[in-house]
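Okay, thanks for coming, everyone. Today I'd like to walk you through the pockets in this one, so let's get it up on the screen.

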Amino acid sequence: MKQTTHPPDHLSAPVRNGAATVAPPPAPARARRRPTSPQWAAWAFLAPVTLYLALFYAYPLYRNLDLSLRNYTVRSFVQGNAPFTGIENYRTVLDDPTFAPALLHTALFTAVCLVFQYAIGLALAVFFSRHFRLSATLRALFLVPWLLPLIVSASTWSWMLNSDSGVVNAALHALGIAPVNWLTSPSWSLTSVIIANIWIGVPFNLVVLYSGLQSIPASLYEAAALDGAGAWQRFWRITFPLLRPVSAITLLLGLIYTLKVFDIIWIMTKGGPADSSTTFATWSYQLGFGNLLPAFGPGAAVGNLLVVAALVFGLIYLKVQRKQALS
C-alpha cells in the first residue's frame, strides 16, 4: 500500500494558469498593547488631594499629639529635644480648676448657638421660599454677617455692647431699662458672645436649609393643601421630615465650627472676666500663647480634647446616616 505524503500547508496553494503559487508564511501576530490601567489615572487625580490632606491635616494633628505627650518649653520647642511625659499633660488639664468651667461653657456655648442658629435659619428659609418681591435682595442682605471677617464682626459687637457708649445700652436706656455690663459682668459675658455667634452663624443655616427646601417638590404641598392640611401641618408632615438629611449635615458642620470658635470670644471678652466666658478653644490659646511661660503641652492636650469631641459627633452622624440608608 502506497503512502501519500501531503505537502506542508504553506506550500499547498491553488494552481493558477498551470503554475502553483506558493502562499507566503503567515505574519507573526503583533503584540497587543495593554491599555493603561484606570487605577493609575485614579491615583493621579487623588495625589493632589492626598498631599494636601497629609500636609495640612495629618501632619498638624501628629504635631499636636506629639506636643501633648511631651514636656515642651520655649527652648525645647525650638531645638526639638522635649522629654516624653505620656499622658501627664492630660492629667494636668483634668486637675486644673479651669477645666470644669471651661467644659460647661463650651457645652452651653455650642448647644445654645446650634439651637438658635438652626431655628432662626430654618424660619428664614421657609419665609424666603415663598419667592415674594425683594426676596433675593433680602436674602443677600442676610448673608452680610457671614461674609464679613470675624474680627470685624466681633469688633462691631464689642462696640454695640459697650457698657458706656454702646447702642444696645442706649436703646435700653430709652426704654427705661437699666444698662447692662454685657462684656464686663461674669453673669453676662457668656451670653454676649453667644448672641454675637448666633448672629454670625444664622446666614450659613439659611443658605443650606433654603437650598434643601428647593429640592422638595411643590406637588406635595399642593396635594396636602387639597387634603385640607394647614401651613403648620404641611411644615411638620412634609417640610421638616424631608429636610432631615440636610438638617443633619447642617447641624454637624455647625457643631464642628462652634466647638472651635475662638476669634469672637477672644476679641470680645478674652475669656473673662474671671474665666466666665472661657471655652476649650480660648483656654488652649491661653495655655499655649497667653502667658510669659507658655505651657505648650497642656495647651495641645486641650486642643486634642476638642478634636476628639468633633470626631465622636462625626462618627455618630455617620452611624445614623448608615442606619437611615439601610432602613
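This is a predicted model: local features need pLDDT of at least 70, side-chain atom pairs count only at pLDDT 80 or more; totals for chains, interfaces and linings use all residues.

Residues are numbered from 1 along each chain as its sequence is written, and side-chain values use heavy atoms, with hydrogens and water left out.

A pocket here, on a 1 Å grid over the protein atoms alone, is an open set of points where a 1.4 Å probe fits, with protein on both sides within 12 Å along at least five of seven lines; lining residues have an atom within 4 Å of a point. Volume is the space filled by probe spheres set on the points, joined across faces, edges and corners.

So, who lines the second largest pocket? There are 13 residues, and Val126, Ser129, Arg130, Tyr221 and Thr239 lie nearest its centre. Two or more residues each come from α9 (189-214), α10 (218-226) and α11 (231-242), helices being DSSP runs of H or I, at least four residues, numbered from the N terminus. The top contributor is α11, with four.

Now the largest pocket: about 1000 Å³. Its lining has 28 residues, with Leu61, Asn64, Gly303, Leu306 and Val307 nearest the centre. Here α15 gives the most, ten residues, and α1, α12 and α14 are among the helices supplying at least two each.
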